[in-house]
Amino acid sequence: MTDERAYPDSVAESFPRPPREFEDREGRTIDVRAWEGEHGPGDDAFEAVVEMYVEFDPADRAQGVPPVGEDRIREWLANLFEQDGYDVLAWHGDEVAGHATLVPDNDSTYELAIFVHQEYQGAGIGTRLIEALLGHGQERGAEYVWLTVERWNRPAVALYEKVGFETAAAESFEMEMAIRLN
């Protein structure tokens, strides 16, 4: 491990790998699939992700992401998808309901970010999306994952704890959580 973060000593359970299909609490069929980098600007799948973020509620943005404005969103996504990280998308038909990503810090350490469109929040999609992302990361050899979350965001903290994240640091208004995948 090459960073200074505190990670759990024990390895997390095995997580399910994408693709996964399930019915959310609203009765919608959701298909969670890995983003394999075969898509780009102009492609239908890329455009669907852009559309989700263009319509994303500004109140759900944290730490400056996702960015505001279609041009900035396109640039951010193109950069994100070009990195050696891992991404999974939750699809409802041809509409993107959510996106989760592991952004690389180095060869074994990744930062997690998750975004669920406001029309799909509270339906169990976030849990399945994170589980599939962590399974995808495990399968590909990711070792350590960390995230930051605002302490007052109890639903998010509960979600992260539910899938196995542990509190690593709690400074000011944010807390850092971590999990060991491999």
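Leaving aside neighbours within four places in sequence, Val 145 is in contact with Tyr 7, Leu 102, Tyr 110, Leu 112, Leu 134, Phe 165, Met 177, Ala 178, Ile 179 and Leu 181. The model is predicted.

Val 145 also belongs to the largest nonpolar core, which has 36 residues. Along with Leu 112, Leu 134, Tyr 160 and Phe 165, Val 145 touches the most other members. Helix 3 supplies the largest share, six residues.

A separate core holds 18 residues. Its members include Val 49, Tyr 53, Ile 73 and Trp 91.

Is strand 8 mostly covered or uncovered? Mostly covered: five of its seven residues are buried. Strand 8 pairs with strand 6 and with strand 7 (residues 166-171), as tabulated here.

| Pair | Sense | Bridges |
|---|---|---|
| Strand 6 and strand 8 | antiparallel | seven |
| Strand 7 and strand 8 | antiparallel | five |

Individual partners can be named. Val 149 has Met 175 of strand 8 as its bridge partner. Ala 169 stands opposite Glu 176 in strand 8.

Strand 7 and strand 8 form a hairpin with two residues between the strands. There, Ser 172 takes a positive phi near 40 degrees.

How values were computed: Residues numbered from 1 in each chain as written. Predicted model: local features only at pLDDT ≥ 70, side-chain atom pairs only at ≥ 80, totals over all residues. Heavy atoms only, no water. Core = buried A, V, L, I, M, F, W, Y, C linked by side-chain atoms within 4.5 Å. Buried < 20%, exposed > 50% of the residue type's maximum accessible area, 1.4 Å probe, protein only. Helix = DSSP H or I, 4+ residues; strand = E, 2+ residues; numbered from the N terminus. Contact = heavy atoms within 4.5 Å. Pairing = 2+ DSSP bridges.
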